[in-house]
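Subject: Handover of a structure, with findings

Dear colleague,

Please find below the structure that I am handing over to you.

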Amino acid sequence: MATDTKDAKDVKDVKDETPADTRDALEVLESEAKEWEKDAEIDRILKAFRLDAYSVLGLKPGVTESDIKIAYRKKSLLIHPDKTKNPLAPEAFDRLKKAQTELMEEKHRKNLDEAIADARMLLIRENKWTVDSPELKTAEFEKKWQEKTKFVLIENEQRRRRQLKAQMQEEGREQRKADEEAEQRKRKRQHEEDWEKTRDQRIDSWRAFQKGKSGDSDKKKKKKLKPIG
């Protein structure tokens, strides 16, 4: 215990004896090293394939939720816009957050895992390998798997967008149909209201017409009467 205390004191003494200029230089180098690490991570995130949340977080498929949370916390603290002057930090931070959110969402993570598994099987079939082929254990296979995963994810995204577009078009047609039906009902109500408003006027007109018709009939009867004598 005494030896440990003495060693610590010696280290402190050495540090205290270090010239101020040297300490400043060391601090500058340390600060630059940290900034370089931040810049490197920001660059990695922005170059990662955006549709692959694992790639954005720098993780392998199959990791646990705990691993995802730990990786996100570590990287988000490193590249937080408040802790670096890098102008690209906000964009990298947003992508990192989006990736973490996607992986924590069970449905999205399941779809991503399925796409990655599909890419692996496609690669095996295309090359007529088996799941036991030695090629699957090479770095070259890992590289090809990543490229095939990008291909599958892009196809899935394009399919999703087509389906969304078709859905929106269908919803648009249904909306237009609903609007037309609503307009027809509106015109019908307006017609009924207008008809009701002119009800008294129409009744008066009818009565006047009937009265006039009756008067003409009486005149005709008087004309037909012959004088007596």
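Predicted model: local features only at pLDDT ≥ 70, side-chain atom pairs only at ≥ 80, totals over all residues.

An α-helix has 3.6 residues a turn, so residues three or four places apart point the same way.

The chain as a whole

The secondary structure consists of eight helices and zero strands, and the order of elements from the N terminus is α-α-α-α-α-α-α-α. Of the 229 residues in the chain, 21% are buried. Among the contacts between residues at least 6 apart in sequence, 60% join residues at least 24 apart.

H6 and H7

Two packed helices are described by the angle between their axes and the distance between the axes. For H6 and H7, the axes come within 8 Å and cross at roughly 120°. The two helices are therefore oblique to each other, and their crossing is right-handed. On the H6 side, the residues that meet H7 are Leu112, Ala115, Ile116, Ala119, Arg120, Leu122, Leu123 and Glu126. Their counterparts in H7 are Phe141, Lys144, Trp145, Lys148, Thr149, Val152, Leu153 and Asn156. By class, the residues of this contact comprise 10 nonpolar, two polar and four charged.

Is Lys128 buried or exposed? Its relative accessibility is 75%, so Lys128 counts as exposed.

Val131 is placed in the loop between H6 and H7 as well. With a relative accessibility of 52%, against a cut-off of over 50%, Val131 counts as exposed. Residues up to four places away in sequence not being counted, Val131 touches Ile124 and Leu136.

H5 and its two partners

H5 has 16 residues and reaches 22 Å from its first C-alpha to its last, close to the 22 Å expected at 1.5 Å a residue. Buried in H5 are Ala89, Ala92, Phe93, Arg95, Leu96, Ala99, Gln100, Glu102 and Leu103.

How does H5 pack with H6, and at what angle? The angle is about 90°, with the axes 5 Å apart, and H5 and H6 are therefore roughly perpendicular to each other. The contact brings Glu102, Leu103 and Met104 of H5 together with Glu106, His108, Arg109 and Leu112 of H6. Its residues are three nonpolar, one polar and three charged by class.

The other partner to be described is H4. The axes of H4 and H5 come within 10 Å and cross at roughly 170°, which makes H4 roughly antiparallel to H5. H4 contributes Glu65, Ile68, Lys69, Tyr72, Lys75, Ser76 and Ile79 to the contact, and H5 contributes Ala89, Ala92, Phe93, Leu96, Lys97, Gln100, Leu103 and Met104. These residues divide into nine nonpolar, two polar and four charged.

Lys75 in H4

Finally, I draw your attention to Lys75, which is found in helix H4. Its relative accessibility is 18%, and because the cut-off for burial is under 20%, Lys75 counts as buried. Apart from its neighbours within four places in sequence, Lys75 is in contact with Glu41, Arg44, Leu57 and Leu96. Leu96 is among the buried residues of H5.

With kind regards

Technical notes: Residues numbered from 1 in each chain as written. Heavy atoms only, no water. Buried < 20%, exposed > 50% of the residue type's maximum accessible area, 1.4 Å probe, protein only. Axes fitted to C-alpha atoms, helices over the stretch in contact; angles between N-to-C directions. Helix = DSSP H or I, 4+ residues; strand = E, 2+ residues; numbered from the N terminus. Parallel < 35°, antiparallel > 145°, perpendicular 65-115°, else oblique. Left-handed = near helix turned anticlockwise from the far one by under 90°. Contact = heavy atoms within 4.5 Å. Nonpolar A, V, L, I, M, F, W, Y, C, P; charged D, E, K, R; others polar. Expected span 1.5 Å × (residues − 1).
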